[in-house]
Amino acid sequence: MSKIFPKNVAEAIYEATEGKSGTLLALTLHRGARMLHDKRILGKSNEILKALQNIFDKKTGTVRVKITTAKNMESRERKKIENEIKEKYKAPIVISEFFEKEELLGGMRIEVGDEVLDTSYRSKLQKLENFLRQEK
Amino acid sequence: MSNYIVESLRKEIEAFKIEIKTEKVGRVLEVFDGIAKVSGLSDIKSSEMVTFSNGEIGVALNLEEDTVGVIILGDFSKIKEGDEVKATGKILEIPVSDSILGRVVNAIGVSIDGKGTIKAGKTYPIERVAPGVVTRQGVSEPVVTGIKVIDAIIPIGRGQRELIIGDRQTGKTAIAIDAILNQKGQNMICVYVSIGQKDSKLRKLQARLEQGGSMNYTVIVSAGASEAAAMSYIAPYSGVAIAEYFMDQGKDVLIIYDDLSKHAVAYREISLLLRRPPGREAYPGDVFYLHSRLLERACRRNAKYGGGSITAFPIIETQAGDISAYIPTNVISITDGQIFLETDLFYKGIRPAINVGSSVSRVGSSAQIKAMKKVAGTLKLDLAQFRELEAFSQFGSDLDDSTKRQLERGKRAVEVLKQLQYAPVKTEHQIVTLYALTKGFMDDISVAKIKEFEAELVDYSERNAKIFYKEIKESKMWTEKGEEQLKKAIEDFKSNFVK
């Protein structure tokens with residue numbers, strides 16, 4: 001018997017719940033949870049939820065962004081960044097999370113999936129350090 | 001002084017240009033035994049180089065649906081779960097330049113000989129598609145090893161791949177070192193790739209090459225026994241990348257892989273850790289490709305494509321003479337011949353312990369110089385017949401005269417082909433000795449005195465057969481006049497030699 005991966009379970013749950021609502025959706029989800037219990041894969045529920053979120057994002061064209069800055073950003077700036085990302089990734093929905101990290105010193109770090117744009121001062125200083133350490 | 005420091009620092013900083021671009025970044029999920037499983041890095045290519053946040057580099061080998069299996073080239077103990085991993089978009093490259101000659105480097109091209117960093121002019125990818133058919137040319141120039149039995153019976157040409165195979169302690173590395181030592185003044189660059197060897201052995205080898213003045217044209221690439229399997233895995237590819245750098249300049253290169261058995265074992269270790277399915281002897285399914293793609297990069301390029309050649313001497317260590325094991329059979333089938341060394345011969349005192357019957361050079365005869373071909377033409381057959389008759393004569397039955405003659409000639413041939421380590425013989429001297437042997441001049445010399453006869457004959461003939469020597473050096477062939485002179489010199493010498 002082949003191994004069941006969290007991704008396979010998430011796909012099955014998505015297909016089973018697609019287009020359902022109300023009691024029917026609750027019943028399907030209940031059955032899904034029962035199946036996880038019976039197959040003894042409840043421990044993988046976090047991974048399954050993550051995979052389910054990925055499937056959902058793909059279907060709806062959602063882009064999740066993590067923006068880290070040294071200081072808190074104004075809502076006007078946040079809005080501007082979100083619009084830029086919307087345009088760049090041609091995404092109808094952008095869900096952004098904002099973080100504050102003093103270590104960055106300045107600038108910002110934007111993460112979309114496995115793509116990272118790092119314009120923080122810390123990373124620039126790190127690059128300068130590497131450059132100066134290089135044998136010439 | 002402080003002004004000078006500030007000024008030079010300012011200049012350096014002014015030269016620094018920062019380029020901000022989106023990077024592909026992944027996260028370490030787990031690290032174990034030199035392997036990292038990384039999430040993210042969705043666009044990564046196979047064999048692409050990645051950098052870890054602590055500066056170590058790695059190579060992506062397993063591209064799975066959600067994760068990437070990376071081999072870590074360096075200290076993996078400092079890499080933690082959750083560390084950032086950046087894709088570089090480049091296949092692993094090593095720095096190369098002319099100043100690498102005479103140096104000892106590790107598998108990623110960093111010097112380990114304590115002589116400081118090597119100024120790199122260029123970088124060369126360690127994985128590269130072998131030169132195509134159109135760019136190649138047949139083997140026609142010899143690689144003179146200075147080992148009589150090889151140059152006479154198993155000749156090797158530039159661009160050939162000749163396997164050196166045998167049990168432990170039979171003189172495999174010795175043949176390789178002798179071949180390197182003999183390349184002095186032969187317009188050949190040598191690359192010695194040491195895979196999974198003890199550092200003490202490598203140090204000894206380096207000292208021997210330095211002593212013989214051979215390090216000037218040699219590069220040593222080392223992946224020691226104490227280093228990670230990943231280093232052993234990439235070392236031969238780094239070696240051949242260095243060789244390609246010199247070949248691209250139209251130079252001839254001799255590369256020695258010592259040894260590919262340990263290379264296969266390192267690859268097996270990595271493959272099993274990456275959970276690739278094991279096959280025969282637990283090696284992965286692509287272990288043939290591992291060696292074929294490496295050895296296929298040895299070639300002789302035609303003049304239109306810049307000339308140059310890479311001659312490869314892969315070494316394989318067998319267990320109890322079993323050449324039918326998985327890796328030996330693979331490499332035998334890939335190479336253009338093999339030099340087979342035997343423990344029995346070694347302990348009988350026949351050194352180099354080459355079994356002439358099992359050894360073969362499939363393309364080298366077309367590279368052998370005419371003069372050598374003329375004197376050594378029947379030597380292999382004579383030796384094979386001698387071995388057969390020798391076994392037969394053990395029964396002690398009466399033998400006819402011709403058989404006795406063959407046996408006596410065979411004994412002398414074996415004696416002539418014995419050679420001390422680190423004592424390569426010049427081609428012209430080899431020809432003189434073999435001429436004396438095959439024309440029967442040694443038949444009445446006692447076997448115990450053959451070595452003495454040979455040494456003195458070479459010395460005498462050099463002084464008294466100058467035309468012959470001149471012709472060999474210039475045209476690689478002799479005329480009747482040259483042969484006559486040599487014959488006379490041998491006869492004169494023999495009449496004064498105390499048998």
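I looked up B:Pro352 and found it in the loop between helix 9 (343–348) and strand 18 (360–361) of chain B. Helices (H or I, at least four residues) and strands (E, at least two) are DSSP runs, numbered from the N terminus. The bond joining B:Arg351 and B:Pro352 is a cis peptide bond, with omega about 0°.

I note that the model is predicted: local features need pLDDT of at least 70, side-chain atom pairs count only at pLDDT 80 or more, and totals for chains, interfaces and linings use all residues. Residues are numbered from 1 along each chain as its sequence is written, while chains are lettered from A and ligands numbered from 1 in the order in which they are written.

I then checked B:Asp258 to B:Asp259, and that peptide bond is cis too, with omega near -5°. B:Asp259 sits in the loop between strand 15 (252–258) and helix 6 (260–273) of chain B.

In chain A I stopped at A:Lys90. It is not a glycine, yet its phi is positive, about 45°. Its loop runs between helix 4 (75–89) and strand 2 (93–100) of chain A. I flagged these spots because most residues other than glycine have a negative phi, and most peptide bonds are trans.

Next, the chain contact. How many residues does each chain give? I read 13 from chain B and eleven from chain A (contact: C-beta atoms, placed from the backbone, within 7 Å). On the chain B side, strand 1 (residues 23–32) gives the largest share, four residues. That side divides into five nonpolar, five polar and three charged residues. Here Ala, Val, Leu, Ile, Met, Phe, Trp, Tyr, Cys and Pro count as nonpolar, Asp, Glu, Lys and Arg as charged, and the others, Gly among them, as polar.

I also traced strand 1 of chain B across the contact. It pairs with strand 4 (residues 115–118) of chain A, antiparallel, over two bridges (DSSP must find at least two for a pair). A:Val116 stands opposite B:Glu23.

Last, helix 1 (residues 6–17) and helix 3 (residues 45–60) of chain A. Their axes come within 8 Å and cross at roughly 55° (lines fitted to C-alpha atoms over the stretch in contact, angles from 0 to 180 degrees between N-to-C directions). By class, their contact has nine nonpolar, no polar and three charged residues.

Technical notes
Two residues are in contact if their C-beta atoms, placed from the backbone, lie within 7 Å.
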